[in-house]
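Subject: Structure handover

Hello,

Here is the structure I promised to pass on. Please load it before you read the notes below.

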Amino acid sequence: MRKVHELRWNPLLGCWIIVAGHRARRPWRPEEKKRICPFCPGAPETKDEGEWDVLVLPNKYPALSLDAEEPNMKDEFYRHGRAVGVCEVVVETPIHEGDLCDLSLDHMKKVIDAYTDEYEKLGKLREVKYVVIFRNKGKEIGVSLTHPHSQIYALPFIPPRIAVELKNFRRFMEEKGSCLLCTIIEKERRENKRLIYENDGFVCLLPFFAMWPYEVHVYPKRHVTSLSELSNEERLQLADALRIITGTYNNLFDRDMPYIMVIHQRPTDGEEYPYYHMHIEFYPPYREKDKLKYAAGIEWGTWTFTYDGVPEEKAKELRMACLKFLSKVDKHLGRCVS
Ligand SMILES: [Zn+2]
Ligand SMILES: [Zn+2]
Ligand SMILES: [Zn+2]
């Protein structure tokens with residue numbers, strides 16, 4: 001098979017696709033086949049690191065790399081690009097099982113610190129225009145390794161979903177003279193219909209416009225465009241918020257809840273984005289204890305989401321689960337808003 005590693009431009013949608021032929025060979029859940037987990041202490045990948053709580057490793061099967069070659073095929077019509085960038089893994093704990101809510105608050109703060117350091121380090125690279133930090137959990141999401149970890153992709157372009165958000169934030173600022181998310185936070189706190197949890201620095205809510213049944217957004221109360229602008233105390237408050245939301249999810253149906261978590265921040269392409277307000281989005285795929293919500297024909301085929309249920313009622317369910325988790329968790333900084 002010819003080795004193909006490049007960006008291809010989709011002219012119908014106007015976005016880049018990362019073609020990484022080599023990634024098809026990566027192992028699926030190696031530890032289930034009794035092979036050693038690569039993220040546990042003592043594995044070849046981690047054994048030179050000494051004592052560690054949080055470890056940043058290069059992705060062994062990177063979709064992007066800094067030494068990516070020029071595409072070896074020229075075409076007078078289709079656009080190619082170099083698959084240049086960085087893919088990393090953040091191993092969040094030496095312990096093989098668990099979720100963010102199972103880390104202590106201080107440990108979770110170290111994970112946030114690692115996210116912040118990598119965002120800054122990778123964002124400084126000339127090739128990198130956008131750093132996306134995300135966490136996939138559960139086999140339903142296609143996670144190939146169960147050891148708690150998140151991932152970082154440093155991209156050579158601004159991804160389309162972020163580009164849409166930037167456009168809408170900018171337009172709102174131009175038309176209303178204020179920040180879209182600051183406005184939403186103020187409204188949601190005033191009306192208190194969809195709030196789940198808040199501490200001094202962050203508010204967690206099910207958005208009015210949720211696409212997934214139990215989608216939750218985590219917003220910093222202060223207008224900041226990236227993790228870099230958070231104070232030390234705010235990073236601790238963010239750690240608290242992410243612990244509480246993942247704990248809330250695991251208490252919702254009394255099952256280990258799969259989810260996608262994505263951090264949306266300003267691009268690192270050297271431009272200014274004062275109108276943008278960073279945030280974290282969670283998309284869990286379940287709509288009931290054992291019923292998955294799929295992005296199917298209408299959703300994936302047209303990007304039109306149907307919401308099965310009433311967002312305000314789902315928010316209430318999440319608040320109950322949050323209260324349940326708060327009664328069990330060792331330490332928390334905020335309150336469930338009910
Ligand atoms: Zn492990
Ligand atoms: Zn704002
Ligand atoms: Zn967003």
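Predicted model: local features only at pLDDT ≥ 70, side-chain atom pairs only at ≥ 80, totals over all residues.

Overall fold

The protein has six helices and 15 strands. Along the principal axes, the C-alpha trace spans about 60 × 55 × 40 Å. Buried residues make up 37% of the 338. Now the contacts with a separation of 6 or more: 68% of them join residues 24 or more positions apart.

The sheet

One open sheet has three strands, in the order E2-E1-E4. Its pairing is antiparallel. Strand E2 (15-20) and strand E4 (80-81) are the edges, and each pairs on one side only. Strand E1 covers residues 5-10 and pairs with E4 over two bridges, in the antiparallel sense. If you want a place to look, Leu7 stands opposite Gly81 in E4. As background, strands of a sheet pair through backbone hydrogen bonds, either parallel or antiparallel.

Helix H4 and its partners

Helix H4 (residues 232-252) packs against helix H1 (residues 105-123). The angle is about 115 degrees, and the axes are 8 Å apart. That makes H1 roughly perpendicular to H4. On the H1 side, the contact is made by Leu105, Met108, Lys109, Ile112, Asp113 and Thr116. On the H4 side, the residues are Arg235, Leu236, Leu238, Ala239, Asp240, Leu242 and Arg243. The crossing of H1 and H4 is right-handed.

H4 also meets helix H6 (residues 311-326). Here the axes come within 8 Å and cross at roughly 105 degrees. H4 and H6 are therefore roughly perpendicular to each other. H4 contributes Ile244, Gly247, Thr248, Asn251 and Leu252 to this contact. H6 contributes Glu317, Leu318, Ala321, Cys322, Lys324 and Phe325.

Best wishes

Note on methods. Residues numbered from 1 in each chain as written. Chains lettered and ligands numbered in written order. Helix = DSSP H or I, 4+ residues; strand = E, 2+ residues; numbered from the N terminus. Buried ≥ 20, exposed ≤ 12 C-beta atoms within 10 Å, placed from the backbone. Contact = placed C-beta atoms within 7 Å. Pairing = 2+ DSSP bridges. Axes fitted to C-alpha atoms, helices over the stretch in contact; angles between N-to-C directions. Parallel < 35°, antiparallel > 145°, perpendicular 65-115°, else oblique. Left-handed = near helix turned anticlockwise from the far one by under 90°.
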